[in-house]
Amino acid sequence: MSSLVLLKKTTVENCAKIQVVNIFNSDYDVYKLVFTNATGTQSSGINIRYITDDGNVDSSSNYDQALQDLRGNVDPAEYSEENETDFEGWATTTYSNANTNNAGTTYVFSPYNSSSYTFHSAHNIRADGSSMGSENSIGVYTQANIVTGFEARGGNASLIISSLTIKVYGVRSS
């Protein structure tokens with residue numbers, strides 16, 4: 001059995017990116033990140049870059065993932081990305097402020113272990129206009145670095161995040 005311990009809740013408005021720093025540590029091997037009420041100046045994915053123990057955001061090509069995109073208005077798609085500069089789609093914003101039911105949940109594994117890669121499993125849901133959908137991904141940060149936090153930003157460089165709430169939990173196993 002396991003339990004969740006809320007470590008941080010952050011709500012932002014009208015920003016291009018948000019950094020959640022010094023959240024991963026040696027207390028937990030697994031973290032649950034919950035993204036809710038994601039709206040923006042356009043529909044876009046919320047992409048993630050890790051912050052390492054030197055305080056720098058890693059924008060190098062160290063991010064690999066496989067994704068499954070399931071939307072009601074297009075055919076399902078599966079694709080992989082290697083040597084990318086971030087992880088794609090941990091949450092999705094919608095342009096319609098009246099439609100704030102976009103959310104994402106991501107599990108991050110072993111971010112504070114300097115002898116292991118950091119892995120994730122991400123799932124998001126979105127409703128934008130008449131289209132409903134979800135995106136699922138698994139990924140690996142291909143550096144055996146200590147990861148202490150993350151930066152969330154728009155997949156489209158011109159996105160302004162109108163609203164976003166992020167909760168970070170430590171997952172304690174018994």
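Trainee: Why does Ser121 count as buried?
Mentor: Ser121 has 17% relative accessibility, and buried means under 20% relative accessible area, with exposed over 50% and partly exposed in between, using a 1.4 Å probe and protein chains only; Ser121 therefore counts as buried. Bear in mind that this is a predicted model, in which local features need pLDDT of at least 70 and side-chain atom pairs count only at pLDDT 80 or more, while totals for chains, interfaces and linings use all residues. Residues are numbered from 1 along each chain as its sequence is written, and side-chain values use heavy atoms, with hydrogens and water left out.

Trainee: Where does Ser121 lie, and what is in contact with Ser121?
Mentor: Ser121 lies in strand β9, residues 118–128, where a strand is a DSSP run (E, at least two residues) numbered from the N terminus. Leaving aside neighbours within four places in sequence, Ser121 is in contact (heavy atoms within 4.5 Å) with Thr105, Thr106, Tyr107, Phe109 and Ser137.

Trainee: What makes the pair of Glu151 and Lys17 a salt bridge?
Mentor: A salt bridge is a side-chain nitrogen of Lys or Arg within 4 Å of a carboxyl oxygen of Asp or Glu, and the closest N and O atoms of Glu151 and Lys17 are 3.8 Å apart, so the pair meets the rule. Because Glu151 lies in strand β11 and Lys17 in strand β2, the pair ties together parts that are 134 residues apart in sequence.

Trainee: Is Glu151 buried or exposed, and what does Lys17 count as?
Mentor: At 4% relative accessibility Glu151 counts as buried, whereas Lys17, at 47%, counts as partly exposed.

Trainee: How many salt bridges does this rule give?
Mentor: The count comes to 2 salt bridges, and one of them joins Asp86 to Arg153, with the closest N and O atoms 2.5 Å apart. This pair links distant parts of the chain, with Asp86 in the loop between β6 and β7 and Arg153 in strand β11, 67 residues apart. Asp86 and Arg153 are both buried.

Trainee: What makes Asn22 exposed?
Mentor: Asn22 has a relative accessible area of 64%, so Asn22 is exposed. Asn22 lies in the loop between β2 and β3, and has a positive phi of about 50° although it is not a glycine.

Trainee: Why does Thr10 count as buried?
Mentor: Thr10, which lies in strand β1, residues 2–12, has 15% relative accessibility and so counts as buried. Apart from neighbours within four places in sequence, Thr10 is in contact with Ile18, Leu164, Thr165 and Ile166.

Technical notes. Helices (H or I, at least four residues) and strands (E, at least two) are DSSP runs, numbered from the N terminus.
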